Amino acid sequence: MARIIVVTSGKGGVGKTTSSASFASGLAMRGHKTAVLDFDVGLRNLDLIMGCERRVVYDLVNVISGEATLNQALIKDKHCDNLFILPASQTRDKDALTEDGVEKVLNDLIKMDFEYIVCDSPAGIERGAVMALTFADEAIVVTNPEVSSVRDSDRILGIIQAKSKRAQAGGEPVKEHLLITRYSPKRVEAGEMLSHTDVQEILRIPLIGVIPESEAVLHASNQGNPAIHMKGSDVSDAYEDVVSRFLGQDTPLRFINYEKPGLLQRIFGGK
Amino acid sequence: MALLSFLFNSKPKTANMAKERLQIIIARERTGRDGYDFLPALREELIAVISKYTKVNAEDIKVSLDKQGNLEVLDVNVVLPDLEMRS
């Protein structure tokens, strides 16, 4: 049974696309046929983060309007044979995303035997964001430990609970997961940053992972590789853990405690 | 003072303020959200019904919705006037 997962946040710049790219890659690396869709019509960036920007010919809006088939528009990932990217349109306006059109694309992906369909939502609460979450079975709410991000996450949770098909049908609700990104254990310990338990206490949804603030994320996006491929980095390990938890494994949280650098590390520098 | 804080390297601990402010604003924004926008109307009707039987000040009727874990509690608080004030 295919699952549709929306990666959303309300606020911009918190790591939705970074997380969508790594999460979808992680699912594919574990053998699941996965598609990742960019819903940010007009401001597409998933293609850059996935490193396939020069291979984009057709996009989501072309498929919805019948100018291209899904097979023509899907781009095979450079790392994983069973991961496909559907880019957003760069030119059309957001009204091109119709509910019927999006539903048809998702149904066609399910018919093509995709196991997981990851919808990378745009920021905000406008049409693109609502379309990305409308058909979701599960939602990953990306939140920074910072007041405006937490408030916007709560707002987007309200929209999921009001506007998603699952909410409107009144059956099993959308399964919500909290993903905290750009986390700095050092600043949390110093009392300067909300802790993951604080954020969870406020938003009251289950935590699927904590991604530490890391230089590796910028290196990854510079190269067009999802951060999960930065082997040996905290961020890569943290995203691997997120995928494990999503697939039902009980994996303890990592990278949430500050370890003081040792003397040698302080002298010779470390990461 | 600046010298002291320089010496002891005391950075302000602001995370607690963030948490408190968020708890207050989010609780407020959540009541008004889907399904619970009937609270003001409910309050108006309660005032009308109670006024039929006894004198009561509109501001002495408070209606609020609280969430405790998975339990939602509709809290209606009516303060009746002193005996001698009732007609």
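In helix H5(A), the residues Gly101(A), Val102(A), Val105(A), Leu106(A) and Leu109(A) are buried, where buried means under 20% relative accessible area, exposed over 50% and partly exposed in between, with a 1.4 Å probe and protein chains only. Seen down the helix axis, the buried residues of H5(A) fall within an arc of 130°, so they line one face of the helix; the arc is that of the directions from the helix axis to the C-beta atoms. This is a predicted model, in which local features need pLDDT of at least 70 and side-chain atom pairs count only at pLDDT 80 or more, while totals for chains, interfaces and linings use all residues. Residues are numbered from 1 along each chain as its sequence is written, chains are lettered from A and ligands numbered from 1 in the order in which they are written, and side-chain values use heavy atoms, with hydrogens and water left out.

**Helix H5 of chain A**
- The face of H5(A) turned away from its buried side carries the exposed residues Asp100(A), Lys104(A) and Lys111(A).
- Helices (H or I, at least four residues) and strands (E, at least two) are DSSP runs numbered from the N terminus, and H5(A) is followed by Asp113(A), whose phi is positive, near 70°.

**Aromatic pairs**
- Over all chains the structure holds three aromatic pairs; rings of Phe, Tyr and Trp (its six-membered ring) pair if their centres lie within 6.5 Å, and planes under 30 degrees apart count as stacked, over 60 as edge-to-face and the rest as tilted.
- The ring centres of Phe84(A) and Phe114(A) are 5.7 Å apart and their planes stand at 85°, so this pair is edge-to-face.
- Phe84(A) belongs to strand S4 (residues 83-86), whereas Phe114(A) sits in the loop between helix H5 (99-111) and strand S5 (116-120), so that the pair links distant parts of chain A, 30 residues apart.
- Phe84(A) and Phe114(A) are both buried.
- The rings of Tyr116(A) and Phe246(A) have centres 5.8 Å apart and planes at 70°, so this pair is edge-to-face.
- Tyr116(A) in strand S5 and Phe246(A) in helix H12 (residues 234-246) are 130 residues apart in chain A, and both are buried.
- Together with Phe23(A), the residues Tyr116(A) and Phe246(A) form one aromatic cluster.

**Chain B**
- Chain B has three helices and two strands, which follow the pattern α-α-α-β-β along the sequence.
- Of the 87 residues of chain B, 18% count as buried.
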